[in-house]
Amino acid sequence: MPLDPLAKRLLTMMAAAAPRAPSRPSVEARRQSLAKLMQFARAEAPEVAASDGTLPGPGGELPYRLYSPASSGERAPGFVFFHGGGLVAGSVATHDRIAAALAHATGCRLVSVDYRLAPEHKYPAAVDDAIAATEWVAREAETLGIDAERLVIGGDSAGATLAAIVCQEAAQSAGLSIVAQCLICPVLDFEETSPSREAFAEGHLIDRVTIEADLADYLPEGLDAADPRISPLRATRLTDLPTAIIHTAEFDPMRDEGNAYARKLLAAGVAVEHVCHDGMVHNFHAMGAILPQAQLVLSQIGEQVRRAVEK
C-alpha cells in the first residue's frame, strides 16, 4: 500500500523543519527531538491512576511509574514497559500517555521503567536494568497489586529490544511467569542492514544517521553486535518463549527485523500474533494527535494482551 496520507503529511512537515544536510545529532538534540515528537501522543487513558517510585537497580535506584486502571481491582495482571528512544533518549515522562493508554487498554497494572541511558551508561547497563526491574516487579507483585503469575513484558522501538532480551534471558532460568511479550515497532538487529533499513534510510521519521549515532553511543568499541543480548533477532534458541504480540509498520526502517522475528518465533513453536500495519511509519502508535491508527493499534494490543493473560 502507499504511505498513509496523514503520515506523509507529517513526514513532509518534519523534512521542511530539518537541516538540508543531515548530520549526527548531539545526544541532547536527540533527546529534545524525541520529547517533542512524543507530544503528539494523544492517547485515551480514562480513569488510570499513576504513582511514582524507585526500585533497586544494579547501578543504583531506578525511577518507575505505576499505572493502575480503575477496573483492575485488588490484583491485576502486570505489564513491565520499557520506553523507546534508541537507548539514548526517552523516559517515563516522554512515554507517559502511551504507558497510561496501554494500562487502560490491557487492564494491566503497568510499571514503566526509567532504565539507564547511553552514552552516560553504555551497554549492558540498560539490559541489566531491564532484567533487574522485571525481577523486582515479580518479587514485589503483591505490594504492587500485580498477579506474579500473569506478567507481560513489552516496549516500543528500542524498549522492545530490551523486552525481547528480558524474555530470552528469562526462558533460560526459573522463577518468572511471563505470559506474553509485546513488541511495538521493535529494533531487533544491530548487526545487519535489512532491505527496509536501506529503503527507508531517509525521510521516514527516523533516519540512518540517527540510528548509527544511537548505536555508536550505546555500544562500547569492540563488541560483537550479533550478540543476542544486543541483537535479539540473532538468538538461536527461541523455544519456550512467551506468546509474542508484535506490531510492525510498512514504512519503518525496522520493519524487516520485526517481521523476521515473528517468523523465527513461529518456526520455534512460539505462539505469535503479528500485524504489519499498512501505510504506517515508525512510532506511529505514539502519534494519536495526527494518526487515527494510533488509537486503533493501542486498542488492538489491549485485546491481544487481555486474551494472553486470561489463557
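**Aromatic pairs and burial**

Phe-82 has a relative accessibility of 0% and therefore counts as buried, the cut-off being under 20%. The model is predicted. A pair of aromatic rings is described by the distance of the centres and the angle of the planes. The structure holds six aromatic pairs, and two of them are set out below.

**Phe-82 and Tyr-115**

- The ring centres of Phe-82 and Tyr-115 are 6.5 Å apart and the planes stand at 65°, so this pair is classed as edge-to-face, for which the angle must be over 60 degrees.
- Phe-82 belongs to strand β3 (residues 76-82), while Tyr-115 sits in the loop between β4 (109-113) and α4 (125-139), so the pair ties together parts 33 residues apart in sequence.
- Tyr-115 has a relative accessible area of 4% and is therefore buried.

**Phe-190 and Tyr-218**

- Between the rings of Phe-190 and Tyr-218, the centres are 6.4 Å apart and the planes are at 40°, so the pair is tilted.
- This pair links distant parts of the chain, 28 residues apart: Phe-190 is in the loop between β6 (178-184) and α7 (195-199), and Tyr-218 is in helix α8 (residues 208-218).
- Phe-190 counts as buried because its relative accessibility, 15%, is under the 20% cut-off.
- Tyr-218 is also buried, at 2% relative accessibility.

**Cluster**

- Phe-190 and Tyr-218 form one aromatic cluster together with Tyr-123.

Key: Residues are numbered from 1 along each chain as its sequence is written. This is a predicted model: local features need pLDDT of at least 70, side-chain atom pairs count only at pLDDT 80 or more; totals for chains, interfaces and linings use all residues. Side-chain values use heavy atoms; hydrogens and water are left out. Rings of Phe, Tyr and Trp (its six-membered ring) pair if their centres lie within 6.5 Å; planes under 30 degrees apart count as stacked, over 60 as edge-to-face and the rest as tilted. Helices (H or I, at least four residues) and strands (E, at least two) are DSSP runs, numbered from the N terminus. Buried means under 20% relative accessible area, exposed over 50%, partly exposed in between (1.4 Å probe, protein chains only).
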